[in-house]
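User: I should like to study this structure through a series of questions. Please show it first.

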Amino acid sequence: LDGVAGLAGVGQPRELYGELHGAGLASKEKSFEGFDGGRKGRPARAQGLCLGTVYRLNFARGESGQRSSGTRWLAIDVCTRESPPRVSLRLFVELNGFFEQRVGVVLDLDMEEGSIIDAALFLNEETALERVSVGDEVEEIEVGQMACTDHDLTGQILWPVSRLLSAFVSERRRELEGKKVLELGAGAGLCGLVASRYASRTLVTDGNEVVLKLLEKNADKARSEKGRIINAVLLRWELPERTSDIESCIHHLGGPPDILLGADVVQWPESVVPLVEVVEIFLKLAGSEAFFACGLVARSSWLRQRFLEVCSNHKLHIQFWNTDEAINNDRVLSNSLDKKNMEVLILSLTSESS
């Protein structure tokens with residue numbers, strides 16, 4: 001931690017607070033403490049660094065007596081499926097509601113036989129049933145309860161922007177009637193579940209096989225208990241896997257999707273181009289009336305701008321949905337630390353791209 005602070009040129013940390021927000025900068029309700037996937041608890045001063053969490057850092061004054069502007073956040077992630085497994089420390093600075101990454105450090109973990117760190121520590125498939133009100137109905141959905149997890153498994157957690165995009169789906173439900181809907185990076189699948197109320201056929205997808213098990217569980221429940229036509233399948237965005245995965249999606253839907261959904265799918269810089277490429281493929285297969293509704297959390301102004309630039313390079317037209325009413329009418333959203341950074345973008349083909 002001292003090294004990260006020193007590299008960032010912000011002095012040494014005076015205090016480390018346990019205002020933890022799951023595996024990302026999410027809502028205040030997602031405050032946790034502990035190392036092994038503890039349950040929801042009160043924000044408290046941390047006793048140690050916790051993998052898969054984000055900490056607010058309070059830095060001491062420098063020699064000049066002046067503190068540099070902006071709130072510091074330290075993100076600690078772990079990926080156990082890399083070889084060797086890795087932990088990354090990333091320092092962000094929050095300025096005017098946006099997050100800029102200032103420095104990142106990657107550490108290799110020693111997970112040889114006899115190591116005190118076990119990769120299974122970061123895999124927690126414990127879930128609990130949550131009731132989420134969207135529009136005039138309540139969705140019962142199984143979601144992860146862990147605080148600390150492999151960064152690839154953040155889809156197990158119900159993030160606030162999923163509620164926001166679900167509100168969009170509910171408001172635009174007439175546009176979904178008789179249509180085929182596909183949710184990208186669905187995680188627990190809330191948006192797809194809401195869409196399945198109105199669509200003729202819905203497919204919820206994720207690229208992580210552990211998350212997919214949770215997604216299948218929620219889709220099976222909606223299909224068996226509510227008679228909805230919804231299925232869950234694997235969809236990876238990278239080549240070469242995406243070619244066969246896209247074919248599988250079209251097979252399950254009985255044709256290309258008319259509407260694409262994606263909540264909090266713009267998280268990592270390396271996934272932006274593959275995501276937009278997959279969106280473009282589906283939109284071109286479906287035709288000029290198709291669109292992609294994307295629930296975006298601008299945790300980094302650079303990453304948001306990067307996403308918009310890639311969309312522009314692929315000749316996609318972007319509209320912005322007014323989120324004020326949806327946020328004000330939802331207690332969780334209105335209390336979320338991310339509410340000023342959340343937005344819903346509607347992407348469609350332009351005459352040049354089609």
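**A helix and a strand**

Analyst: In this predicted model, Gly287 follows helix H7 and has a positive phi, near 110°.

User: How far apart are the end C-alpha atoms of H7, and what span should its residues give?

Analyst: Helix H7 covers residues 269-286, which is 18 residues. At 1.5 Å a residue, these should span 26 Å. The expected span agrees with the distance between the end C-alpha atoms, which is 27 Å.

User: How many residues of strand S15 are buried?

Analyst: A residue counts as buried when its relative accessible area is under 20%. In a regular strand, side chains alternate between the two faces of the sheet. On one side of S15, Met342, Val344, Ile346 and Ser348 are buried, and on the other so are Glu343, Leu345, Leu347 and Leu349. Strand S15 is therefore largely enclosed by the rest of the structure, the number buried being eight of the eight.

User: In which sense does S15 pair with strand S13, and which residue of S15 is the bridge partner of Gly295?

Analyst: Strand S13 comprises residues 291-297, and six bridges link it to S15 in the antiparallel sense. The bridge partner of Gly295 in S15 is Val344.

User: Which residue of S15 is the bridge partner of His317?

Analyst: Strand S14, residues 316-321, runs antiparallel to S15 and is joined to it by six bridges. Within S15, the partner of His317 is Ser348.

User: What percentage of the residues in the chain is buried?

Analyst: The chain contains ten helices and 15 strands. Of its 354 residues, the buried share is 53%.

Terms used:
Residues are numbered from 1 along each chain as its sequence is written. This is a predicted model: local features need pLDDT of at least 70, side-chain atom pairs count only at pLDDT 80 or more; totals for chains, interfaces and linings use all residues. Side-chain values use heavy atoms; hydrogens and water are left out. Helices (H or I, at least four residues) and strands (E, at least two) are DSSP runs, numbered from the N terminus. Buried means under 20% relative accessible area, exposed over 50%, partly exposed in between (1.4 Å probe, protein chains only). The expected span of a helix is 1.5 Å times one less than its number of residues. Two strands pair if DSSP finds at least two bridges between them.
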